[in-house]
Number of protein chains: 2
Amino acid sequence: MRTFLAPCMRQVHELMGGWMRAAGMEVRVDAVGNLRGVLSGAETGAPRLLIGSHLDTVADAGAYDGVLGVVMGVALCEEIAARRQVSREQMPFAIEVVGFSEEEGVRFAKPFLGSLALIGEMDEAILACADANGTSVVQAIRDFGLEPSQLAAVALDPSTFAYVEFHIEQGPVLEAESAALAVVDAVAGQTRATLAFTGHANHAGTTPMGRLRHDALAAAAAWITEVERYASGIAGLVATVGKLDIPSAAGNVIPGRVVATLDVRHAQDAVRAAGVDHLVAFAETAAASRGVTLSSTITLDQPAVPMDSTLTRALSDCVTGISGGPARVLTSGAGHDAMILARRVPSAMVFLRSPGGLSHHPDETVLVEDVEAALSCGLEFLSRLRDDKAMLDPLVHNARTYGQHRLAEARHA
Amino acid sequence: MRTFLAPCMRQVHELMGGWMRAAGMEVRVDAVGNLRGVLSGAETGAPRLLIGSHLDTVADAGAYDGVLGVVMGVALCEEIAARRQVSREQMPFAIEVVGFSEEEGVRFAKPFLGSLALIGEMDEAILACADANGTSVVQAIRDFGLEPSQLAAVALDPSTFAYVEFHIEQGPVLEAESAALAVVDAVAGQTRATLAFTGHANHAGTTPMGRLRHDALAAAAAWITEVERYASGIAGLVATVGKLDIPSAAGNVIPGRVVATLDVRHAQDAVRAAGVDHLVAFAETAAASRGVTLSSTITLDQPAVPMDSTLTRALSDCVTGISGGPARVLTSGAGHDAMILARRVPSAMVFLRSPGGLSHHPDETVLVEDVEAALSCGLEFLSRLRDDKAMLDPLVHNARTYGQHRLAEARHA
């Protein structure tokens with residue numbers, strides 16, 4: 001398992017750092033263990049495009065979640081460097097490839113350590129988090145031979161004008177639609193809630209149906225059926241009851257209490273909020289009609305993060321150019337580093353089809369032809385950025401204020 | 001906790017045996033620990049009426065479940081004996097009060113040990129059952145100072161013509177209807193089943209609603225809703241999903257597998273069987289429509305046991321005489337010793353209202369006026385048996401063949 005600064009992370013740094021150097025990139029491992037390689041642009045101080053994803057994995061993981069996006073960045077730089085060798089042509093921007101040290105949150109139950117450090121949000125509370133062995137983040141940094149005092153130097157180069165991330169879809173949609181690639185319009189906002197139904201445990205044989213029965217599971221089941229029905233009727237909404245506990249359950253006892261989780265996601269916060277309101281209200285009604293009481297707690301309310309429309313439109317055009325049809329646009333139901341980076345820099349994502357919809361599983365895979373399509377898309381995107389000053393200049397111009405603006409917003413929130 | 005032949009059972013034998021002796025009854029503890037007291041009839045060899053219930057309890061039990069029915073029997077004998085003192089009047093039948101040593105099945109996970117021994121069905125397999133400490137039933141009998149070789153002598157006296165049991169309702173119906181007593185028409189038949197829904201665990205955020213989602217819990221919830229709806233529409237049917245397990249459940253994972261229990265009870269086996277068939281078929285459909293597979297296993301299929309109609313009619317008349325209104329007739333949703341005795345002797349039951357519907361709980365209680373009503377009912381019933389030769393004679397006549405006939409049936413089954 002490749003967790004935050006686990007010893008095996010050194011091998012990744014060596015192997016991938018070697019590829020970067022071979023492509024003429026300047027390589028370093030920053031103070032939180034992000035692997036960073038820069039392919040210089042035409043001029044010193046040229047604006048900088050960031051391409052990346054994460055190097056860490058969950059337990060029992062597949063081979064592509066995260067690391068594929070880093071390899072994609074390196075491969076694109078190799079190609080640019082190779083063309084430069086031939087044509088002496090220079091790019092009007094530098095490319096920095098970043099392999100984030102941590103995204104999954106496995107070691108410290110706290111995800112996005114690598115990208116949070118990049119946007120300057122690695123605070124004291126995060127540094128003090130302890131892993132299962134009691135080792136803090138700051139100690140883990142020291143144990144790996146890195147220097148916590150250098151954390152400030154992790155921050156994004158101020159010339160960075162965009163972030164692009166390639167990632168496997170981790171879902172079944174592209175496969176179902178026989179499409180190789182999709183561009184991401186937003187990382188969905190997410191509500192997590194706990195709903196507790198409290199009825200009255202009673203003898204399953206001696207308590208008749210009807211008003212003398214206060215079955216917490218029957219109430220919860222009616223609600224779960226509505227969760228499925230309601231979400232199915234609203235485009236892009238997903239709603240899931242993943243856990244359901246019945247304390248002291250027995251086959252011959254009417255469930256007196258049920259505690260269930262609810263997970264609701266959508267690209268638009270208003271749609272998600274309306275969904276959560278409806279589903280909690282429905283649970284109240286389903287409970288009340290059975291003499292069951294409901295209590296609900298929102299445990300997470302995370303707004304949607306839209307991807308940058310200029311970048312997304314450009315990437316869509318590139319996908320269309322390759323596939324011949326309109327690019328599939330997906331909302332990411334899972335969180336990604338791009339969601340963190342978007343706070344400071346215009347960001348975009350491209351998804352690669354996940355055969356079987358599998359991820360976080362050893363059988364996770366990608367198709368070779370989809371990786372080829374993604375590389376073509378990436379190269380075409382780089383060419384457009386190079387050639388289309390009407391796209392590049394406003395991006396570079398806006399980026400100068402974007403980060404400061406968003407950071408101020410975040411501080412006010 | 002008063003389990004099978006637990007040391008504290010001696011105190012019950014002493015206390016209640018003392019009351020029996022004081023009423024002029026002949027008392028013994030039989031070889032399985034049943035407390036038995038006989039109040040003789042007018043003549044030696046007079047037919048014998050059995051009145052009883054069980055002395056054992058579950059863990060954290062109330063004070064009335066079982067033992068109240070034994071105390072009722074003793075109290076009725078006390079009254080008959082007291083009247084005899086005054087009037088010298090003799091009854092044309094003997095009364096045997098039995099306090100069964102075991103009904104709940106706590107110690108050996110095998111219920112009805114006391115009543116099974118009475119009908120001669122305490123076989124080698126039961127005697128070999130071990131408790132949590134590895135002590136067998138036969139060893140427990142020895143440890144209590146009883147003699148397993150005397151098991152044959154536990155059997156019902158051949159002159160026994162009827163069994164009557166008073167028991168708390170353990171349900172909320174009588175309280176809801178403001179009635180003190182009910183007569184029982186049957187002990188409900190019972191089906192228990194396990195239904196396993198197997199779908200596909202997947203990311204709750206990246207898997208859209210609809211045909212790409214194979215949510216085992218959504219399928220189970222639709223089915224649980226139907227279990228409640230269907231049973232509510234059929235008089236006397238109860239159906240309950242008491243347990244529901246989701247292996248490896250997580251709030252952000254679509255449940256890939258759900259294992260649920262089903263408990264269905266009704267006084268008529270055909271109604272119960274049709275219910276089980278419908279509910280399993282519905283589960284198949286609810287599963288299939290979500291790309292989920294279903295497997296179901298029937299773990300218990302126990303037929304209903306009707307109570308004797310002559311006894312039940314007579315007891316109903318007695319209840320009507322006390323309450324002034326028609327007697328409430330209930331189906332017992334729980335098993336009782338009367339269900340076992342009915343295999344060998346015409347049997348009947350009277351329920352006393354359970355305030356709050358509570359049982360198997362320290363707050364379990366009965367109302368003093370309901371116990372008075374039950375005693376009046378019992379005395380009236382004894383008077384009718386004494387006075388109405390047209391009722392007693394056929395009962396006594398039929399009982400001679402009933403036991404043998406039923407036993408032969410049981411052996412063929």
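Which side chain meets that of Asp301(B) in a salt bridge? The side chains of Arg272(B) and Asp301(B) form such a bridge, with an N to O distance of 2.8 Å; a salt bridge is defined as a side-chain nitrogen of Lys or Arg within 4 Å of a carboxyl oxygen of Asp or Glu. The structure is a predicted model, in which local features require pLDDT of at least 70 and side-chain atom pairs count only at pLDDT 80 or more, whereas totals for chains, interfaces and linings use all residues. Residues are numbered from 1 along each chain as its sequence is written, chains are lettered from A and ligands numbered from 1 in the order in which they are written, and side-chain values use heavy atoms, with hydrogens and water left out.

Helices (H or I, at least four residues) and strands (E, at least two) are DSSP runs numbered from the N terminus. Arg272(B) is buried, at a relative accessible area of 3%, whereas Asp301(B) is exposed, at 56%. Here buried denotes under 20% relative accessible area, exposed over 50%, and partly exposed the range in between (1.4 Å probe, protein chains only). The side chain of Arg272(B) also meets that of Asp269(B) in a salt bridge of 3.0 Å, N to O. Both Arg272(B) and Asp269(B) belong to helix 8 (residues 269-288) of chain B, where they are three residues apart, about one turn of the helix. Asp269(B) is partly exposed, with a relative accessibility of 31%.

A further salt bridge in chain B joins the side chains of Arg384(B) and Asp317(B) at 3.4 Å, N to O. Arg384(B) is in helix 11 (residues 368-387) of chain B and Asp317(B) in helix 9 (residues 309-323) of chain B, so this pair ties together parts that are 67 residues apart in sequence. Both partners are partly exposed, Arg384(B) at a relative accessible area of 29% and Asp317(B) at 37%. In chain A, a network of salt bridges links Asp30(A), Arg36(A), Arg48(A), Glu96(A) and Asp157(A). Over all chains, the count comes to 40 salt bridges.

The interface between the chains was examined next. The size of an interface is often given as the accessible area lost when the parts come together. Between chain A and chain B, the buried area is about 4000 Å², of which carbon and sulfur atoms give 61%; this area is the accessible area (1.4 Å probe) that two parts lose on being put together, summed over both. In chain A, the residues that lose the most area to chain B are Thr206(A), Met209(A) and Glu228(A), together 14% of what that side buries. In total, 50 residues of chain A contact 50 residues of chain B, contact meaning heavy atoms within 4.5 Å.

Two salt bridges are found across this interface. One joins the side chains of Glu228(A) and Arg290(B) at 2.7 Å, N to O. Helix 7 of chain A contributes the largest share of the side of chain A that touches chain B, namely nine residues. By class, that side has 25 nonpolar, 16 polar and nine charged residues, where Ala, Val, Leu, Ile, Met, Phe, Trp, Tyr, Cys and Pro count as nonpolar, Asp, Glu, Lys and Arg as charged, and the others, Gly among them, as polar.

In soluble globular proteins, nonpolar side chains tend to be buried together. A nonpolar core is a set of buried Ala, Val, Leu, Ile, Met, Phe, Trp, Tyr and Cys residues joined through side-chain atoms within 4.5 Å. The largest such core has 100 residues, and those with the most contacts inside it are Leu49(A), Phe161(A) and Phe381(A). Helix 2 (residues 67-87) of chain A gives the most to this core, with nine residues. Apart from neighbours within four places in sequence, Phe381(A) is in contact with Leu49(A), Val164(A), Leu311(A), Ala314(A), Leu315(A) and Cys318(A). A second, separate core of 99 residues includes Val67(B), Leu116(B), Leu118(B) and Ala373(B).

Two further positions in chain A were considered. His13(A), in helix 1 (residues 9-22) of chain A, is buried at a relative accessible area of 9%. Ala128(A), in helix 4 (residues 124-128) of chain A, is exposed at 54%.
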